[in-house]
Amino acid sequence: MSPGDVIRPTMRAVIRKGDLVLVQLKQAASGRRYLTLPGGRQEFGETMQQCVVRECLEEIGVAPRVGEVLHVADVMRGREGGMRHLIEVLFDCSVPADYAPRMGTHPDKRQLATIWADLSDDGPQFLPRYDLALNQPGAPVNLGRLNSVIP
């Protein structure tokens, strides 16, 4: 089994401010920009909640209050040499009311900024398309398989 065959647990923070969601604005090597929820891969020995806090500190410069699980998805991410399978867990999170979007101490290599995005207007820019579930009251917890090919 190669390292690419391993299913990677990944945690994501869903941080809302009214109709807006806090996201990372990223740019692919092709120049195309896209949006992702803050978060990343869980490290060995780390709880899911600890992972969300660590990743948010690194990427968006704040330790969120981590609430309940909102959604789980099997994400197939295209990458050089094939596909990577991620199990992504989305948590309902909150940040202090005075939080201003910023980059964290170790942002993702493609991250340009941290911004508030409108799910209705900016939805097509999400990778994967979590906006579809986040905009739908009563969306299932298990979102099934989602593709996330970086443009």
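Two strands pair if DSSP finds at least two bridges between them; helices (H or I, at least four residues) and strands (E, at least two) are DSSP runs, numbered from the N terminus. This is a predicted model, in which local features need pLDDT of at least 70, side-chain atom pairs count only at pLDDT 80 or more, and totals for chains, interfaces and linings use all residues. Residues are numbered from 1 along each chain as its sequence is written, and side-chain values use heavy atoms, with hydrogens and water left out.

**Whole chain**

Switch to a surface. The accessible area (Shrake-Rupley method, 1.4 Å probe) is about 8,000 Å², and carbon and sulfur atoms hold 53% of it. Of the 151 residues, 42% count as buried, meaning under 20% relative accessible area, with exposed over 50% and partly exposed in between (1.4 Å probe, protein chains only). Contact means heavy atoms within 4.5 Å. Among contacts between residues at least 6 apart in sequence, 65% join residues at least 24 apart.

**Strand 1 and its partners**

Select residues 8–17, which are strand 1.

- Strand 6 (residues 82–94) pairs with strand 1 in the parallel sense over eight bridges; Ala13 stands opposite Phe91 here.
- Strand 4 (residues 39–41) pairs with strand 1 in the antiparallel sense over three bridges, and Gly39 is the bridge partner of Arg12.
- Strand 2 (residues 20–27) pairs with strand 1 in the antiparallel sense over two bridges, with Leu20 as the bridge partner of Lys17.

**Arg8**

Move to Arg8, also in strand 1. Arg8 is partly exposed, at a relative accessible area of 26%. Leaving aside neighbours within four places in sequence, Arg8 is in contact with Arg41, Arg84, His85, Leu86 and Ile87.

**Gly18**

Next select Gly18, in the loop between strand 1 and strand 2. The hairpin of these strands has two residues between them, and Gly18 takes a positive phi near 65 degrees. Most residues other than glycine have a negative phi. Gly18 is exposed, with a relative accessible area of 65%. The C-alpha atoms of Gly18 and Asp118 are separated by 9.5 Å, although 100 residues apart along the chain.

Go to Ser148 in strand 8 (residues 142–149). Ser148 is buried, at 1% relative accessibility. Not counting residues up to four places away in sequence, Ser148 touches Val75, Met76, Arg77, Gly78, Leu127 and Pro128.

Finish on Leu127 and Pro128. A cis peptide bond joins them, with omega about -15 degrees. Most peptide bonds are trans. Pro128 lies in the loop between helix 2 (119–122) and helix 3 (131–134).
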